[in-house]
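Open the model in your viewer and switch to a cartoon view. The tour below goes one selection at a time.

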Amino acid sequence: MFDSEASARLHQKMKKIKKTIERQAMDFVMAFERNKKRNPKDVSKTKCGYDIRSKGRKIEVKGAAPLNQPFVNFNKYNIAAFKKENNLWLYIVCGLRNKKPKLIMLNKNKILKRKIVHSLWRINLHRSDLK
């Protein structure tokens with residue numbers, strides 16, 4: 001059983017890992033968008049509900065260390081953006097521990113057709129997304 005100090009250390013370690021994965025995913029998507037000549041801008045600190053603005057696209061970036069993570073979670077800013085913004089995309093970078101991460105790109109219409117657990121706004125991915 002964990003004591004509170006061990007639990008706090010574990011929480012801090014998990015938080016650090018999550019930040020690393022998020023940064024790697026952002027770097028991957030920024031490079032992808034630059035490669036597509038879309039001139040991406042990082043807007044993640046603005047709390048607008050998405051992370052990157054790139055030639056008309058508004059992109060929420062999610063990173064997943066394992067290649068087969070079956071879902072992504074949204075926060076209240078993401079939810080608000082998906083309800084009101086046009087040309088919104090969800091880019092999920094899977095397999096960040098692998099040498100060749102996989103990028104899944106879902107537009108707003110595909111997201112809103114998914115089964116959403118409204119209390120959490122958890123979007124389940126389909127097997128076809130991972131191919």
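Begin with the open sheet of 5 strands, whose order is 1-2-3-5-6 and whose pairing is mixed. At its edges are strand 1 (41-42) and strand 6 (102-107), each of which pairs on one side only. Strands of a sheet pair through backbone hydrogen bonds, which can be parallel or antiparallel in arrangement. This is a predicted model, so read what follows as a description of a prediction.

Next, select strand 3 and strand 5. They run parallel and are joined by 7 bridges.

## A buried glutamate

Select Glu-85, in the loop between helix 2 and strand 5. Is Glu-85 buried or exposed? Its relative accessible area is 16%, and under 20% counts as buried, so Glu-85 is buried. The side chains of Glu-85 and Lys-58 are joined by a polar contact of 2.7 Å. Apart from neighbours within four places in sequence, Glu-85 is in contact with Tyr-50, Lys-58 and Lys-108.

## Two residues with positive phi

Most residues other than glycine have a negative phi. Stay in the loop between helix 2 (76-84) and strand 5 (88-94) and select Asn-87. Asn-87 is not a glycine, yet its phi is positive, near 55 degrees. With a relative accessible area of 40%, Asn-87 is partly exposed.

Move to Lys-55, in the loop between strand 2 (52-54) and strand 3 (57-64). Lys-55 is not a glycine either, and has a positive phi of about 45 degrees. Its relative accessibility is 65%, so Lys-55 counts as exposed.

## The whole chain

Finally, zoom out. The protein chain has 3 helices and 8 strands, and along the sequence they follow the pattern α-β-β-β-β-α-β-β-α-β-β. Of its 131 residues, 38% count as buried. The accessible surface of the chain comes to about 8900 Å², and 53% of that belongs to carbon and sulfur atoms. Among contacts with a separation of 6 or more, 51% are between residues 24 or more positions apart.

How values were computed:
Residues are numbered from 1 along each chain as its sequence is written. This is a predicted model: local features need pLDDT of at least 70, side-chain atom pairs count only at pLDDT 80 or more; totals for chains, interfaces and linings use all residues. Side-chain values use heavy atoms; hydrogens and water are left out. Helices (H or I, at least four residues) and strands (E, at least two) are DSSP runs, numbered from the N terminus. Buried means under 20% relative accessible area, exposed over 50%, partly exposed in between (1.4 Å probe, protein chains only). Contact means heavy atoms within 4.5 Å. Accessible areas come from the Shrake-Rupley method with a 1.4 Å probe; for residues, only the protein chains shown count as cover. A polar contact is a pair of N or O atoms within 3.5 Å; within protein, one must be able to donate a hydrogen and the other to accept it, and residues adjacent in sequence count only if both atoms are side-chain atoms. Two strands pair if DSSP finds at least two bridges between them.
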